[in-house]
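Please have a look at the model on the screen, and then we will walk through it together.

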Amino acid sequence: MKLEYGTPMDIEGESMRRIQEELDARGIVLPPDRAAVVKRVIHTTADFDYGENLWFTSGAAEAGTAALKRGAAIVTDTNMARAGVSAAACERLGAERLCYMADPRMARRAGELGVTRAAAAVDLWAELHPEAVFAVGNAPTALLRMAELIEEGRLRPALVIGVPVGFVNVVESKERIWSVCRERQIPAIVAMGRKGGSAVAAAICNALLYQAAGMR
């Protein structure tokens, strides 16, 4: 069988063309500042629901891109998400990819506080990287702790990416972080509802990284 689109660049280009074609057919019009992020997520998941359930606070994509241009770190709640973030783009921008979930300190701190490791990790994020891009694709407890620290005035991330997937506390955590970020005027991109995951978190990071690094 002859492949019609043989190179990775050709395949991605054709994929994006087909994504836009289907968005048009569905009557989904993406604001220009959000289109690259939404289409990158659809490209990763083949799920067009993200055309409507991926919410952005005003100027969120631009704020995330600007932070990455300055070399802001990306901190994720899973090593899977960290691995999915483009190393080449981060290297070009001088941005670190970080995840502390396997750090022994997190297990100890979580046990002492009676919380999840993800929630405990957010305290470390706030301490070490208060102006980073925080990308949460798995742990709603991380979003809930983040909301608490923001309300207490102890944390102001460059961008919050809230896209955990699942059934327990997922919808509620997204609604809470969305509300808090809007109230405190903190840039946020949130996948409302149950859908999300580490791959979605990485896809959003990559869309912003590619724009910041001029790679797309």
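**A walk through the model**

Let's begin with one side chain: Glu-14 is buried, at a relative accessible area of 11%. Buried here means under 20% relative accessible area, exposed means over 50%, and partly exposed is in between, using a 1.4 Å probe and protein chains only.

Before going on, a word on what we are looking at. This is a predicted model, in which local features need pLDDT of at least 70, side-chain atom pairs count only at pLDDT 80 or more, and totals for chains, interfaces and linings use all residues. Residues are numbered from 1 along each chain as its sequence is written, and side-chain values use heavy atoms, with hydrogens and water left out.

Back to Glu-14. Which residue does the side chain of Glu-14 meet in a salt bridge? The partner is Arg-18, at 2.8 Å from N to O. By salt bridge I mean a side-chain nitrogen of Lys or Arg within 4 Å of a carboxyl oxygen of Asp or Glu. Side chains of opposite charge can pair when their charged atoms come close. Both residues sit in helix α1 (residues 8–26), four residues apart, which is about one turn of the helix. Helices (H or I, at least four residues) and strands (E, at least two) are DSSP runs, numbered from the N terminus. While Glu-14 is buried, Arg-18 is partly exposed at 46% relative accessibility.

Further along α1 there is another pair, Glu-22 and Arg-26, again four residues apart, about one turn of the helix. Their closest N and O atoms are 3.0 Å apart, in a salt bridge. Here Arg-26 counts as partly exposed at 45%, and Glu-22 is partly exposed too, at 33%.

How many salt bridges turn up in a search of the whole structure? The search finds 15. Some of them form a network that links Asp-123, Arg-145, Glu-148, Glu-152 and Arg-154. Glu-152 is partly exposed at 47%, and Arg-154 is partly exposed at 49%.

Now for the sheet. It is open, has six strands in the order β1-β6-β5-β4-β2-β3, and its pairing is mixed. Two strands pair if DSSP finds at least two bridges between them. At the edges are β1 (54–56) and β3 (97–99), and each of these pairs on one side only. On average, neighbouring strands of this sheet are turned by 15° against each other, direction ignored.

For example, Ala-135 has Ile-161 in β5 as its bridge partner. Helix α9 (residues 140–151) packs on the sheet, touching β4 and β5, and its direction makes about 145° with that of β4. Contact means heavy atoms within 4.5 Å; axes are lines fitted to C-alpha atoms, for helices over the stretch in contact, and angles run from 0 to 180 degrees between N-to-C directions. Another helix, α11 (residues 198–213), lies across β1, β2 (74–76), β4, β5 and β6 (188–191), running at about 145° to β5.

Next, helix against helix. α9 packs with α10 (residues 170–184) at an angle of about 25°, the axes being 9 Å apart. The two are therefore roughly parallel to each other, a label given to angles under 35 degrees, with over 145 being roughly antiparallel, 65 to 115 roughly perpendicular and the rest oblique. Among the residues making the contact are Leu-143, Leu-144 and Ile-150 of α9 and Ile-177, Val-180 and Cys-181 of α10.

Last, some backbone angles. Most residues other than glycine have a negative phi, and most peptide bonds are trans. Asn-169 has a positive phi of about 65° although it is not a glycine. Asn-169 is in the loop between β5 and α10 and is partly exposed at 38%. Where is Gln-185? Look in the loop between α10 and β6. Phi of Gln-185 is also positive, near 55°, and Gln-185 counts as exposed at 66%.
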